Structures are given as structure tokens and as C-alpha cells.
Amino acid sequence: MEVPSGPQLLHPSIAEPVSSFAHLMFNLRHAFALSLLLPAIIYLVPLFLKLTSSSARVESAPNGPRGTAKDATFLSSRSASSSDIASDTATMSAASSASSIRRIAPLVIPAAGRHTATVVFIHGLGDTGHGWADAVSFWRTRQSMNEIKFILPHAPHIPITMNGGMPMPGWFDIKTLVKGADEDGPGVLQSRDYLHGLIQQEIKDGIPADRIVLGGFSQGGAMSIFAGLTAPVKIGGIVGLSSWLLLNQKFKDYVPDGNINKDTPIFMGHGDRDPLVLYDLAKDSEKALSSMGYSVTFKTYRGMQHQACAEELGDVEAFLSSRLPPKGH
């Protein structure tokens with residue numbers, strides 16, 4: 001299992017509450033908006049390079065090499081990687097690759113008080129762990145969260161089919177979000193192993209498994225449900241926001257013997273106007289989990305699209321407080 005060393009620490013004094021909830025929502029929407037814009041940018045950049053290369057000559061020595069289509073492809077990939085979303089902070093590699101993926105260490109926000117519990121919260125496609133730091137700051141304004149350490153891992157840069165095959169931060173490749181479509185099984189399993197490694201490291205550091213909650217948003221929420229329910233230890237809870245059940249056709253094949261997380265509480269939150277991860281897909285996932293005997297609480301947020309809202313973050317806070325109550329001195 002992959003466990004990064006040297007985590008990026010965000011000192012409690014730095015993780016102050018956000019000045020306004022509007023600022024928090026702006027950050028979440030900003031990351032999502034950039035992920036939506038990437039396909040258009042990636043389509044237009046090579047087109048622009050093609051047009052300019054046809055009207056401009058490449059200076060070279062007589063009989064020397066001229067610019068090629070390969071050069072243009074390299075330039076376009078470099079242009080795309082210059083944005084915040086596609087920065088080269090991690091090695092670009094397909095999640096389904098057989099070779100190991102190099103990862104940067106997760107962002108870690110220490111407990112404000114004595115550390116007795118841990119929440120691993122997983123970001124969505126095109127984002128980084130930093131995208132949820134403000135949400136953590138929002139949660140940490142509550143005294144009930146003083147004993148919780150938050151780990152915000154960063155997904156590696158991998159080619160995403162829905163993004164024209166261009167690399168961006170992702171936990172697995174997404175070809176389509178149509179129910180029953182082909183899924184990147186190897187990528188999902190590789191990210192699951194990485195997340196299980198983070199859980200095992202917390203246990204090694206003295207945190208009981210039932211004091212660890214796995215949560216996430218969108219692609220990260222889907223990973224939290226899958227990795228949580230297939231974990232080799234019984235964890236404290238699972239949070240899946242704007243997410244769905246991965247590998248649902250073969251899900252039972254990945255559940256460990258004894259199904260030790262069958263009674264682990266799951267909180268799923270979803271907006272009924274979500275244009276990306278459709279509401280019906282989330283409801284079908286909730287029904288599938290419930291039919292298998294899992295304990296799922298599903299909350300619908302009227303009018304909400306692919307984002308989080310104050311009410312939902314408040315509900316997550318309540319769920320975390322119930323699963324990870326302070327132990328005191």
C-alpha cells in the first residue's frame with residue numbers, strides 16, 4: 001500500500017475560519033468550474049497552434065528539422081499543464097497503469113486539541129486537497145471538532161477520457177457517467193489501496209479504526225464509499241457528497257470476508273439539480289447499498305447543483321460529531 005511521507009502540515013493557527021461562507025462556496029465552485037472549462041481549453045489550444053503553425057515558419061538551418069505535429073502536441077500539453085489544475089506537482093500517469101504512481105503527500109490539518117480521531121476527506125475530479133481546506137476550517141469552528149485531524153489527499157495527474165484524454169487530477173479515469181457504463185476498475189482499486197494505506201498509517205500512529213471517517217465529494221465521494229465499505233478494518237463512518245457507487249455490478253466481489261463495515265453508517269448528500277453526477281444515479285446507488293444491507297442516510301438538497309451548500313456542510317458536521325465525539329482528557 002502506498003503511504004506518502006512528509007505530509008504538508010497546515011498549522012491550526014493558519015486554518016482560521018473563513019471570513020464568510022460565500023468565500024468558501026466560491027472556492028468550491030471555482031474548482032468545479034475550472035474542471036468544466038478544461039475540455040474547451042484543451043480543444044482550442046491545439047487548434048490555435050495548428051492555425052499559427054500554418055502561417056508562421058520555423059527558423060532553422062538549411063536542411064534542418066522544422067516544427068512537427070509532435071512538437072505542437074508537446075506545446076499544447078505544456079500549455080494545459082501551466083494552469084493550477086494541471087500543475088506538475090505529481091507525476092502524470094494513468095490510474096490504471098500497472099506501474100506505481102508517484103504521489104505528493106496529502107495536506108494535513110492537525111487537531112486543534114488532543115488528537116483522538118481522523119477524517120480523510122477526498123476531493124473531486126480536477127481539484128486538489130487544498131480545495132477543501134476552507135470547508136475544514138468551517139467545520140473546525142465547532143468545538144466538537146477539536147480532537148479531529150483532517151487529511152486531505154491529492155489525486156495524481158492521470159489521463160481522463162472525458163477530458164479528451166488530457167491529464168488532470170483524478171482518482172480514476174472517467175469515460176462516462178452513464179449508469180452501467182465501462183468503469184476504470186484498475187484505477188479505482190489502485191486509489192482504494194492508497195486510501196487504505198492512509199487508514200492503516202493512522203491506526204499505526206495510535207488512532208483506533210472506529211475513530212476514522214472516510215469522506216469525499218464527487219469522484220472523491222465515490223472513492224470514499226467504495227474504499228470505506230471494502231476496508232479491511234471497521235471504520236467509524238463514510239461520507240459521500242454528490243457521489244455514486246463504483247463498480248456496482250461486481251461490488252460484492254470486493255467486500256472482504258465478514259463484511260465488517262456492513263453496519264458502518266454512511267451519509268450521502270446530493271443536489272436534485274446536479275447536471276454532472278445525476279440525482280437519479282445517486283438515488284440508484286443509495287437503493288443498491290440499502291438492498292445489500294448497508295446503513296445509508298440519504299439527504300436531498302433542493303435546487304442544489306454539483307456543489308456543496310451551507311446546509312449540507314452543517315449536516316456533515318453533525319454526522320462527524322456523532323461518529324467522532326470528543327473523548328475529553
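Mentor: Begin with strand β7 (residues 212–217) and β8, which pair in the parallel sense over 5 bridges. Helices (H or I, at least four residues) and strands (E, at least two) are DSSP runs, numbered from the N terminus, and two strands pair if DSSP finds at least two bridges between them. This is a predicted model: local features need pLDDT of at least 70, side-chain atom pairs count only at pLDDT 80 or more, and totals for chains, interfaces and linings use all residues. Residues are numbered from 1 along each chain as its sequence is written, and side-chain values use heavy atoms, with hydrogens and water left out.

Trainee: Through which helix does the chain cross from β7 to β8, and what is the hand of the crossover?

Mentor: The path from β7 to β8 is a β-α-β crossover by way of helix α5 (residues 219–229). A crossover is right-handed if, with the strands pointing away from the viewer, the path from the first strand over the helix to the second runs clockwise. Here the helix is α5 and the crossover is right-handed.

Trainee: How many residues of β8 are buried?

Mentor: Buried means under 20% relative accessible area, exposed over 50%, partly exposed in between (1.4 Å probe, protein chains only). Gly237, Val239 and Leu241 point one way from β8, Ile238 and Gly240 the other way, and all are buried. For strand β8 (residues 237–241) the count is therefore 5 of 5.

Trainee: Why does Thr116 count as buried, and which side chain does its own side chain join in a polar contact?

Mentor: Thr116 counts as buried because its relative accessibility is 7%. A polar contact is a pair of N or O atoms within 3.5 Å; within protein, one must be able to donate a hydrogen and the other to accept it, and residues adjacent in sequence count only if both atoms are side-chain atoms. At 2.7 Å, the partner of the Thr116 side chain is that of Glu147.

Trainee: Is Glu317 buried or exposed?

Mentor: Glu317 lies in helix α8 (residues 310–323). Its side chain makes a polar contact of 3.2 Å with that of Arg142. Because its relative accessibility is 14%, Glu317 counts as buried.

Trainee: Which residue caps the N-terminal end of α4?

Mentor: Helix α4 (residues 185–204) has 20 residues. A side-chain oxygen of the capping residue lies 3.1 Å from the backbone nitrogen of Gly187, and that residue is Asp184.

Technical notes. Expected span 1.5 Å × (residues − 1).
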